[in-house]
Amino acid sequence: MLNIKKYAAIDIGSNAVRLLISNIILVEDEEPKFKKSALIRVPIRLGADAFISGTISDENSNRMVEAMKAFKLLMNVHGVETYKACATSAMRDSSNGPELIEKIKKEADIKIEIIDGKKEAQIIASTDLSQLIEGHKSYLYVDVGGGSTEFTIFSKQQVVASKSFKMGTVRLLNKEVDKKETWKEIKKWIEKNTKDLKKIVLIGSGGNINKIFKMSGQKIDKPLSYIYMNAHYQFLKKMSYEERISELGLNPDRADVIIPATKIYLSAMKWSGAKKIYVPKIGLSDGIIKSLYSGIIEA
């Protein structure tokens, strides 16, 4: 017997907000199938406010309220049964984040939970990551966001170490990070936790690595090499912001952050000794829906 449920996830990041609506297809004696029904991304860069002034501006607060009203309407017309809205780094770091959450609850009727880096990493790990991880191999999973980057090391299908660093693309662009110190901390952590692991492979997630992978033309289940990533990084750096928009067709809110994001992935590959990076196209939104369904998190 076939049964279809409709769940939604709202991911409020530092560079954009996303609404993912998924069909969960349930067939007796079979594993549930998760099929994307709709994905809407709105480029509201909360991190540009939160990481510089410590507060979210009135303009972005109003845009957030309007976006959440629109998301609520879309969930209604799609017939969504249950949803979860999670806010990450920018909302965590802004002094008026709780106030904005209250305003959204009142005006858009959407309840938002602010989650820390550890919970964010746990939610993402509940995605199809397990299908990619082979038992005898070691992996460094890197999720680059606007406000933070999550690193998780898997060996023999177990989480060996996990850490969140306040090093994100929007922070780097705004020079909000003490770059030298934070880079040193990340290097030290990666080298310490991967030194005994042989032939480690990177797994990358986030909008920027998804875009790099799409631009590469590589087949879905094939990795990108360190050589390719480095060449692509040099290629992007040589272009101006305007050229990356006009010639590569990047969105304005992607054309700037893609440079610091590529640097983070490249550095992680270099410090861990990884020669390859897999890009399974998973993220917080997918993790929220799977975690909701499995009962790991509550709506």
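In this predicted model, F151 and F165 are both buried. Their ring centres lie 5.8 Å apart with the planes at 75°, so the pair is edge-to-face, given that angles over 60 degrees between planes count as such.

Strands β7 and β8 belong to an open sheet of six strands, arranged in the order β8-β7-β6-β9-β11-β10 with mixed pairing. The edges of this sheet are formed by β8 (158–165) and β10 (224–225), each of which pairs on one side only. β10 is joined to strand β11 (residues 276–278) in the antiparallel sense over two bridges, and S225 has K276 in β11 as its bridge partner. Helix α8 (residues 179–194) lies across β6, β7 and β8, and runs at about 175° to β8.

The structure holds six aromatic pairs. One of them, between F34 and Y293, is edge-to-face, with 5.8 Å centre to centre and 80° between the planes. Because F34 lies in strand β3 (residues 33–42) and Y293 in helix α14 (residues 284–294), this pair ties together parts that are 259 residues apart in sequence. F34 is partly exposed, with a relative accessible area of 28%, and Y293 is likewise partly exposed, at 29%. Together with Y7, these two residues form one aromatic cluster. Elsewhere, R171 lies over the face of F51, at 3.9 Å from the ring centre.

How values were computed: Residues are numbered from 1 along each chain as its sequence is written. This is a predicted model: local features need pLDDT of at least 70, side-chain atom pairs count only at pLDDT 80 or more; totals for chains, interfaces and linings use all residues. Side-chain values use heavy atoms; hydrogens and water are left out. Two strands pair if DSSP finds at least two bridges between them. Helices (H or I, at least four residues) and strands (E, at least two) are DSSP runs, numbered from the N terminus. Contact means heavy atoms within 4.5 Å. Axes are lines fitted to C-alpha atoms, for helices over the stretch in contact, and angles run from 0 to 180 degrees between N-to-C directions. Rings of Phe, Tyr and Trp (its six-membered ring) pair if their centres lie within 6.5 Å; planes under 30 degrees apart count as stacked, over 60 as edge-to-face and the rest as tilted. Buried means under 20% relative accessible area, exposed over 50%, partly exposed in between (1.4 Å probe, protein chains only). A charge sits over a ring if NZ of Lys or CZ of Arg is within 6 Å of the ring centre and within 35 degrees of the ring normal.
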